[in-house]
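Hi,

Here is the structure I promised to pass on. Have a look at it first, and my notes on what turned up follow below.

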Amino acid sequence: MVNMVIISHGEFCEGLLSSLKMIVGDTYGVKAVPLIPGESPDSYREKLSEVLSGYENQESGFLILSDIAGGTPFQSAAYLSKEFKIGLVSGMNMPMLLSLSLGKTKEDTLDSLVEKATAKDSIGIQSKVFGKGEKKQRAKLSVNKNR
């Protein structure tokens with residue numbers, strides 16, 4: 001099975017992982033590797049390499065989701081493709097992480113997961129301008145009364 005790792009500048013990836021667990025109750029084996037302010041690129045690359053090396057099954061490869069292309073986390077993952085089989089996708093967001101975590105199967109390949117990550121449904125961007133005083137009916141927010 002393809003392993004998933006999310007990487008970012010600062011705590012963004014850890015926040016996404018925490019939100020994933022909040023929404024679906026599990027992290028689905030996804031690991032987060034943040035670049036801490038002041039951390040050197042070499043140190044970060046070593047940390048990421050250690051996380052990848054820690055997975056038992058490495059044969060299917062790693063889908064790595066990054067915050068932005070070209071930054072230290074992204075470049076470090078690209079560099080580590082010398083040692084590991086990596087599919088690297090930038091622009092990660094919550095809809096993308098949810099789609100991949102909930103929809104990933106044992107039959108998925110690295111190529112199929114990269115395709116799923118970049119599919120329109122995974123991107124999750126929508127827009128709507130609401131006019132002041134607009135009277136359109138909207139769905140009510142659900143409230144968990146057990147908490």
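Before the notes, one definition: two strands count as paired if DSSP finds at least two bridges between them. Helices (H or I, at least four residues) and strands (E, at least two) are DSSP runs, numbered from the N terminus. This is a predicted model, so to speak of local features I need pLDDT of at least 70, and side-chain atom pairs count only at pLDDT 80 or more, while totals for chains, interfaces and linings use all residues. Residues are numbered from 1 along each chain as its sequence is written, and side-chain values use heavy atoms, with hydrogens and water left out.

The sheet

In strand 4, Val-89 is the bridge partner of Leu-65. That pair belongs to strand 3 (residues 62-66) and strand 4 (residues 86-90), which run parallel and are joined by five bridges. Between them the chain passes through helix 3 (residues 72-79), and this β-α-β crossover is right-handed (with the strands pointing away from the viewer, the path from the first strand over the helix to the second runs clockwise).

Overall, the four strands form an open sheet with parallel pairing and the order 2-1-3-4. Strand 2 (31-35) and strand 4 are the edge strands, each pairing on one side only. From one strand to the next the twist averages 20 degrees (axes are lines fitted to C-alpha atoms, for helices over the stretch in contact, and angles run from 0 to 180 degrees between N-to-C directions). Helix 2 (residues 41-53) packs on the sheet, touching strand 1, strand 2, strand 3 and strand 4, and its direction makes about 175 degrees with that of strand 2. Contact here means heavy atoms within 4.5 Å.

The cores

A nonpolar core is a set of buried Ala, Val, Leu, Ile, Met, Phe, Trp, Tyr and Cys residues joined through side-chain atoms within 4.5 Å. Buried means under 20% relative accessible area, exposed over 50%, partly exposed in between (1.4 Å probe, protein chains only). The largest core has 20 residues, and Ile-6, Leu-63, Leu-65, Leu-97 and Leu-100 have the most contacts inside it. Helix 4 gives the largest share of this core, five residues. Another core lies apart from it, with 14 residues, among them Val-5, Ile-7, Leu-52 and Ile-64.

Leaving aside neighbours within four places in sequence, Leu-97 is in contact with Met-4, Ile-6, Leu-16, Leu-20, Val-30 and Leu-65. Its backbone oxygen lies 2.8 Å from a polar atom of the Ser-101 side chain. Ser-101 sits in helix 4 and is buried, at a relative accessible area of 3%.

Two loop residues

Which loop holds Asp-108? Asp-108 is between helix 4 (94-103) and helix 5 (110-117), and it is buried, with a relative accessible area of 11%. The Asp-108 side chain reaches the backbone nitrogen of Thr-105 at 2.9 Å and makes a polar contact with the side chain of Ser-112 (2.9 Å). A polar contact is a pair of N or O atoms within 3.5 Å; within protein, one must be able to donate a hydrogen and the other to accept it, and residues adjacent in sequence count only if both atoms are side-chain atoms.

Phe-84 is in the loop between helix 3 and strand 4 and is buried, with a relative accessible area of 10%.

Cheers
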